[in-house]
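Visitor: I've got a model open and a few things to ask about how it's put together. Can we just go through it piece by piece?

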Amino acid sequence: MSRSPSFSVKTELSPKLDPASLRQWAVAFCIIRFDLEQGQLIEECYPPGCLTKDEELEIAFSSFPDSVSQHQNRSSIHDCIFFFRFRRQSDSQSVLVSSSEITEVDKELSPKSTDKRNLTRSKTCKNNKDSRHMYGYVFNRQRHDERLKRGGEQKSVVILSLSPYSSVFRPLLQIMGPLYFDIGKKALEHIAAFVSMWPAPKPGKLMDLPIGNAMLKVNLPPAHSLPSESGMLFEESAYSMAPFLPNNQSVPQGLFHDSDLFGTFRGLLLQLWVLWELLLIGEPILVIAPTPPQCCEAVASLVSLVAPLLYSVDFRPYFTIHDPEFAHLNSLQEGDTFPPIVLGVTNLFFLKALRKIPHIVSVGSPAPNSNRLAFTTRSSGGKFSARSEAFGLQQLSLKKFSPSNLLSAVKLKRDGPLCLMTEHKEAIWTTYGAITKPDTSILNRLIDAGMSPRVEESMSVVNNEILRRHFLELTTNFLAPFGPYFRTKTPSESSSPFVDPPPLPSFNADEFLASLSARGPGKFLSKRMKSNWLDLYRRFLRGPNFMPWFQRRRAVAEQEQHKLWRQARMNTDIQQFISKRSELEIVDSFNAIERHFLEEIQLQESGSASAESVLTRQKLKGDLQAVFNVLPKDMQQLLLLNPKRASLLQGSPGTTKLPGHPSVQVGVVSSTTPR
């Protein structure tokens with residue numbers, strides 16, 4: 001664990017807690033103690049009353065390492081940081097379902113069927129209550145003392161949040177955890193007060209977050225990677241979402257961009273492409289690791305692998321038998337489809353309880369000083385070779401090929417994942433036939449850091465950047481064929497910006513696959529995929545990730561197009577515009593401008609108007625008056641029969657003369673004038 005930032009409460013006057021601002025970042029701060037007689041108990045919860053009894057129970061059970069997973073460690077104090085995710089009680093009735101039940105690809109997806117949700121997020125606690133999942137970030141301390149019952153005690157400091165901001169809460173726990181064990185309950189109040197003074201989260205941005213005399217510099221995940229269920233919605237840009245490759249590669253493009261992808265899967269690097277496909281199509285995966293930190297790091301790394309795709313499959317970085325959904329998963333019968341989910345576990349009991357899960361990954365080392373696979377497993381020529389994949393043995397790592405390695409691989413595959421009950425090994429068990437070939441040129445760029453922990457940590461940063469850049473490019477190229485369905489249009493010079501923008505192209509799955517088959521996947525993918533690459537697109541279309549991503553991406557594109565047309569209306573010279581229009585077109589323009597004007601007024605009344613809305617209303621009101629002034633007098637009188645319309649057209653009298661149109665008095669004609 002990295003060194004904790006310094007923090008002092010003696011020289012700092014804690015600010016007053018702002019509950020509404022705090023909830024933008026965290027729901028509550030808890031202290032949980034493992035009692036030998038009563039089990040897990042929540043000693044403190046600040047602010048109080050934030051959690052239901054069921055939530056408290058689930059949080060308490062998830063905040064300690066599984067006893068089965070713990071190996072003997074007789075050091076006096078052992079600290080670890082990990083996190084978990086659980087479904088909130090308000091959504092407990094939504095049990096896990098199979099991928100086919102979650103989404104079926106519509107044969108015809110018209111613009112009207114796309115997600116019309118408002119993409120401006122509210123900051124109210126009421127909306128936060130609607131979030132389906134909550135995250136718990138844990139600082140666990142095990143203190144060994146032979147004088148105590150059972151030789152020691154356990155306590156956990158937990159930060160609860162509705163957001164997957166691991167880049168924020170991990171370093172915050174490094175401050176808050178030790179501080180609590182120094183000064184007790186006051187640590188929660190101090191930290192909560194400082195957090196409530198932070199500015200609102202800015203997804204995709206680098207933020208400086210002061211905490212006492214320390215400063216956290218963190219990158220938040222981008223808005224397009226955050227689940228729409230989350231309590232706060234943020235503005236999303238059409239150009240920040242796949243299938244467009246981001247301009248700024250230093251900005252995180254998905255969830256858990258800070259996870260150690262290289263360090264976690266160092267012994268299974270050749271299998272990252274298999275895992276990428278399984279995640280892309282939403283397959284269920286069981287991840288087994290010896291400790292909760294290794295376990296949650298592996299799940300976080302897997303989720304980050306498909307960035308910038310919105311990952312819609314449920315994932316549990318640290319899952320225990322106490323989770324209410326374990327009973328459902330354990331009750332699946334022969335022939336039942338395992339629901340799409342990524343489960344991180346440390347208890348080997350899950351190997352027997354969840355035998356129906358089709359893909360199992362084992363990562364990590366049983367103890368910090370265990371013999372770890374050295375990163376010197378290159379071929380005699382110094383290069384990686386993907387030939388081992390030809391044997392179809394998923395557990396082969398980057399070791400040099402040898403008969404003994406082959407025999408070990410065959411034995412590992414024959415024994416199955418239950419062999420982990422006797423000895424922990426890094427391996428993958430799956431019958432899935434991967435379509436994407438491992439890119440050995442990427443693996444050859446990875447740096448061998450040796451066994452020095454300090455050097456290894458710095459080299460992992462470089463290696464993680466190499467791997468993330470590759471998989472970001474791989475995912476972006478895979479999603480590129482969907483680009484035309486999100487392409488926005490701006491008004492042409494000859495068209496009217498006051499009419500409704502044209503709809504985005506409708507999507508038909510069969511037509512898409514036929515067109516893609518004819519033109520091919522593109523140069524980038526054709527070099528990296530086998531001849532049956534179209535099967536991967538078919539599985540993706542049927543999987544649980546496609547429809548949520550596609551609908552949300554369409555909604556953002558429609559919103560972006562709406563902004564472009566709105567801006568075009570602001571830039572229109574109304575006098576020049578109506579001078580080129582026929583009388584019928586002017587009448588149509590009047591109706592269109594009036595409709596846009598009323599929409600802006602409704603936005604203002606609902607409190608959701610933007611900062612530019614005032615200028616937009618002023619511009620539209622002027623345009624509406626200008627168009628009204630060139631209409632025939634009988635048409636004006638007819639329009640003014642509507643009292644609401646008459647109130648919109650209040651203005652000063654005057655006269656205007658336009659080419660090709662008669663002079664008309666500017667201003668409102670009385671609605672009582674005889675026609």
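Predicted model: local features only at pLDDT ≥ 70, side-chain atom pairs only at ≥ 80, totals over all residues.

Visitor: How many bridges join S1 to S5?
Guide: Six, and the two strands run antiparallel. S5 covers residues 152–161, while S1 covers residues 28–35. Strands here are DSSP runs of E with at least two residues, helices are runs of H or I with at least four, and both are numbered from the N terminus. Two strands pair if DSSP finds at least two bridges between them.

Visitor: What about S2? How many bridges does S1 make with that strand?
Guide: S1 and S2 (residues 39–46) are linked antiparallel by seven bridges. Phe34 sits opposite Gln40 of S2, and Cys30 is opposite Cys45 of S2.

Visitor: Why is S1 called largely enclosed?
Guide: Because six of its eight residues are buried. Buried means under 20% relative accessible area, exposed is over 50%, and partly exposed is in between, using a 1.4 Å probe and protein chains only.

Visitor: What order do the strands of that sheet come in?
Guide: S2-S1-S5-S4-S3, an open sheet of five strands with antiparallel pairing. S2 and S3 (77–87) are at the edges with a single partner strand each, so one side of each has no neighbour in the sheet. On average, neighbouring strands are turned by 20° against each other, direction ignored.

Visitor: Which helix packs on it?
Guide: Helix H2 (residues 53–62) does, touching S1, S2, S3, S4 (133–144) and S5. Its direction makes about 140° with that of S3. Angles run from 0 to 180 degrees between N-to-C directions, with axes fitted to C-alpha atoms, for helices over the stretch in contact. Contact means heavy atoms within 4.5 Å.

Visitor: Where is Pro47, and what's its peptide bond like, cis or trans?
Guide: Pro47 is in the loop between S2 and H2. The bond from Tyr46 to Pro47 is cis, with omega near -5°. The bond from Ala307 to Pro308 is also cis, with omega near 10°, and Pro308 belongs to the loop between H9 and S9. In general, most peptide bonds are trans.

Visitor: OK, S9 then. What order do the strands of its sheet come in?
Guide: S9-S10-S8-S11-S12, five strands in an open sheet with mixed pairing. The edge strands are S9 (314–316) and S12 (427–429), each pairing on one side only. The twist averages 10° from one strand to the next. Helix H9 (residues 292–304) packs on this sheet, touching S8, S9 and S10 (341–345), and its direction makes about 155° with that of S10.

Visitor: Do S8 and S11 go parallel or antiparallel?
Guide: Parallel, over four bridges between S8 (residues 285–288) and S11 (residues 359–362). Ile288 faces Ser362 of S11 there.

Visitor: Switching to helices: how do H5 and H6 meet? What angle do they cross at?
Guide: Roughly 150°, with the axes of H5 (residues 166–183) and H6 (residues 186–196) coming within 8 Å. Residues in the contact include Leu172 and Ile175 from H5 and Leu188 and Ile191 from H6.

Conventions: Residues numbered from 1 in each chain as written. Heavy atoms only, no water.
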